[in-house]
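Dear colleague,

I am handing over the structure below. Please look it over before reading my notes on it.

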Amino acid sequence: MLKHRYIKYLMLAILVGIGLGAFMGAWSAWFLFLVAGLWLAITAWGSLDVRSNYFTKVYYKGEAFHPQEYALTFDDGPTLHTEAVLNLLQAYQMKATFFCIGKQLEKYPELAKRILQEGHQLGNHTYTHSKNIGTFSTKEVQEEIACTDLIIKKLNNENNPIFRPPFGVTNPQIAKACEALNKAVIGWSIRSLDTVIQDEQRILTRIIPRLAGGEIVLLHDTTERTVRVLEQLLIYSKEQNLRSVRIDHLLKINAHG
Ligand SMILES: [Zn+2]
């Protein structure tokens with residue numbers, strides 16, 4: 001597995017070597033651009049692919065799991081659509097994890113309480129969900145996470161162990177912040193694209209053929225469309241004897257102290 005810290009030193013060494021070579025006329029400067037380009041490409045992949053494990057360990061699938069258990073996860077809430085999501089989960093007796101934005105938790109505390117009362121898990125999805133999270137300093141990322149942790153602690157009196165970075169972006173700053181705050185970074189194995197694709201059937205065909213034990217499904221409790229998709233997923237799950245469980249259960253992650 002490629003690791004950011006090893007690649008960084010290896011690439012630096014190669015670049016210095018080629019740079020010196022080019023300077024002395026032994027190498028073409030084009031090699032320098034080639035290696036620099038390769039480095040950029042690996043870094044971009046490490047930042048944007050939530051499964052790369054390049055900057056930090058990301059849990060994106062259950063390993064030691066019950067063959068019938070998978071995890072539904074809902075990002076960016078709570079919103080006015082969270083209630084319908086909770087009603088469905090209750091009707092089908094399934095558990096899920098909600099990666100909430102701190103600001104949204106402050107806006108809808110009653111929904112946050114209902115999520116917890118009904119046995120679902122709350123996870124941290126930063127305080128503001130800034131589009132610029134990839135440019136934040138370690139301290140800024142830490143503040144985003146710590147602030148939302150505090151809101152969660154006020155709700156359930158527990159130290160929240162799980163974090164999902166907005167857009168699944170990881171980089172050295174986010175990795176350091178998660179390490180400092182002892183967070184398990186949670187990705188996904190099935191990305192529904194429910195906020196991008198308009199057609200419900202197309203969203204379902206991205207999910208259903210891959211739905212099996214251990215999978216982590218990324219959804220958003222932010223639109224009516226997702227509520228309708230969820231109902232179909234729950235019907236399918238019942239038929240197949242599959243059940244959604246909380247992330248801590250799927251990944252055997254316990255709340256830290
Ligand atoms: Zn998000």
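This is a predicted model: local features need pLDDT of at least 70, side-chain atom pairs count only at pLDDT 80 or more; totals for chains, interfaces and linings use all residues.

Residues are numbered from 1 along each chain as its sequence is written, and side-chain values use heavy atoms, with hydrogens and water left out.

Whole chain. The C-alpha trace of the protein chain spans about 75 × 40 × 35 Å along its principal axes. The chain holds 10 helices and nine strands; these are DSSP runs numbered from the N terminus, with helices being H or I of at least four residues and strands E of at least two. Of the 257 residues, 49% are buried, where buried means under 20% relative accessible area, exposed over 50%, and partly exposed in between (1.4 Å probe, protein chains only). Among contacts with a separation of 6 or more, 77% join residues 24 or more positions apart; a contact means heavy atoms within 4.5 Å.

Domains. The domain assignment gives domain 1 (4-48) and domain 2 (58-251), with bounds from an automatic or database assignment. Their centres, taken over C-alpha atoms, are 37 Å apart. Four residues of domain 1 are in contact with four residues of domain 2. The two domains bury about 280 Å² between them, 41% of it on carbon and sulfur atoms; buried area is the accessible area (1.4 Å probe) that two parts lose on being put together, summed over both. On the domain 1 side, His4, Ser47 and Leu48 lose the most area to domain 2, together 87% of what that side buries.

UniProt, in an unreviewed entry, lists residues 68-245 as "domain: NodB homology"; its positions are given in the numbering used here, feature names are shortened, and annotations may be inferred rather than shown by experiment. That span is 44% helix and 17% strand, and its end C-alpha atoms lie 10 Å apart.

Metal site. The zinc ion has Asp76 (OD), His125 (NE2) and His129 (NE2) as protein donors, lying 2.1 Å from it. Donors are N, O and S atoms within 2.8 Å of the metal (3.2 Å for Na, K and Ca); water is not among the atoms, so sites may look incomplete. Along the chain the donors follow the spacing D-x48-H-x3-H. Both His125 and His129 are buried.

Regards
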